[in-house]
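Could you walk me through this structure, stop by stop? I have it open in a viewer and would like to know what to select next.

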Amino acid sequence: MKTVSSLLDADWYDRYKRISKLNIRSSIYDVTNRCNLRCKGCFFFSSGEDKAAPEEMALGAWERFIDKEKDRGVNLAILIGGEPTLCLDRVEAFYKRLPTFCATNGLIKVDRERFPDMMVGISLWGDEADETVLRGKDTFAVSSKNYYGDPHAYYLYTITPRQLGKTEQIIRKIRDAGLKIHMQLLSNDEGVDGFSWTPDELIVIREEMDEMLDRYPDTVISSKYYHEIITTGRMLGRPFGWKECPSVTEPLDTRNPKPKRLIHFIRWASDLNTMHRCCTSETRDCSTCKDGAAHMSWVMVNKRDHIRTTRDLQNWIEIYEMFAKLYQFIPW
Ligand code: SF4
Ligand code: SF4
């Protein structure tokens with residue numbers, strides 16, 4: 001029988017041991033229904049999640065809710081929205097109680113005296129031209145000044161089909177700003193012309209992502225297996241989609257048979273009572289979903305299937321390490 005120790009040498013086994021004790025239990029929270037941008041293709045607004053429930057305004061209610069989440073076993077709070085930095089008191093309520101990750105467009109600087117080591121993921125949707133078309137603004141010009149050299153921040157770079165051949169210039173800009181980068185692919189939820197992936201483009205972008213990881217290993221937080229999974233939508237011969245997705249809100253998950261999934265995962269709306277279907281758009285057709293975190297989690301929850309060959313298990317370890325770095329469970 002194949003076992004973890006029979007497949008790994010001493011170095012890889014040490015890496016495996018380091019992550020296998022982490023036991024990450026994440027949930028996702030809409031901190032607010034508001035944003036200071038309105039990006040074309042934003043899953044939150046395009047799916048009407050901003051209207052799903054009114055925001056809870058009382059800070060005390062947030063504090064009590066977070067305490068209950070902690071009791072429920074959550075050890076990673078992922079804050080999204082809307083734009084969480086519009087409500088820093090709520091962000092602080094999480095940060096004081098739980099390991100917290102805050103997604104942001106980077107236009108508002110998180111005060112490092114108040115949030116010294118909170119991991120911040122800054123969204124970036126391409127170069128100046130793409131950002132202007134999709135977001136109405138070159139956000140990098142502002143966010144790179146706000147977070148220059150910040151050791152607890154990285155860019156979450158959403159690659160669009162128009163970025164083919166251009167990712168290197170963006171990665172260099174981020175490296176020169178003293179920051180790290182993680183890549184994912186646009187799902188184009190609002191069908192903006194020219195921003196949907198063709199099969200050929202996905203083949204080319206996979207090669208480009210691999211090349212960027214080889215050339216900028218100190219800046220790019222990624223793995224080639226992640227590139228394979230996200231561009232092909234397949235893992236060990238199985239297709240990603242509704243039947244396999246690990247990031248479905250647990251109390252709403254009526255799938256039968258149940259796939260391997262994130263334990264106790266819930267995506268909460270900002271009334272602290274309503275739940276959304278999954279980690280991303282409520283209305284997205286799962287067959288078009290390119291959500292990076294859902295694909296990563298898909299690999300992570302399917303460890304057993306990767307105890308097959310040395311390479312398969314190493315692939316699994318690399319993706320787990322990548323996730324653990326992005327949410328600050330292990331150092332860069
Ligand atoms: S900054 Fe984020 S939350 Fe705001 S509109 Fe853009 S994608 Fe949506
Ligand atoms: S849209 Fe994506 S993350 Fe949501 S349930 Fe479908 S596959 Fe999963």
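Select helices H4 and H5 to begin: their crossing is right-handed, meaning that the near helix is turned clockwise from the far one by less than a right angle. Helices here are DSSP runs of H or I with at least four residues, and strands are E runs of at least two, numbered from the N terminus. This is a predicted model, where local features need pLDDT of at least 70 and side-chain atom pairs 80 or more, while totals for chains, interfaces and linings use all residues. Residues count from 1 along each chain as its sequence is written, with chains lettered from A and ligands numbered from 1 in the order written.

H4 covers residues 59–71 and H5 residues 88–95; they pack at about 25°, axes 9 Å apart. Axes are lines fitted to C-alpha atoms over the stretch in contact, with angles from 0 to 180 degrees between N-to-C directions. That makes H4 roughly parallel to H5 (an angle under 35 degrees).

Now show side chains: Leu59, Trp62, Glu63 and Ile66 of H4 meet Asp89, Arg90, Ala93 and Phe94 of H5. Contact means C-beta atoms, placed from the backbone, within 7 Å.

Next, select H11, residues 292–301. Here 9 of the 10 residues are buried, so this helix is largely enclosed by the rest of the structure. Buried means 20 or more other C-beta atoms within 10 Å of a residue's own. Among the buried ones are His295 and Trp298. Which elements do the buried residues of H11 pack against? They are strand E6 (180–185), helix H10 (224–232), strand E7 (234–235) and helix H13 (310–326).

Last stop: ligand 1, whose surroundings include Cys35, Arg38, Phe44 and Glu83.

How values were computed
Near = placed C-beta within 6 Å. Parallel < 35°, antiparallel > 145°, perpendicular 65-115°, else oblique. Contact = placed C-beta atoms within 7 Å. Buried ≥ 20, exposed ≤ 12 C-beta atoms within 10 Å, placed from the backbone.
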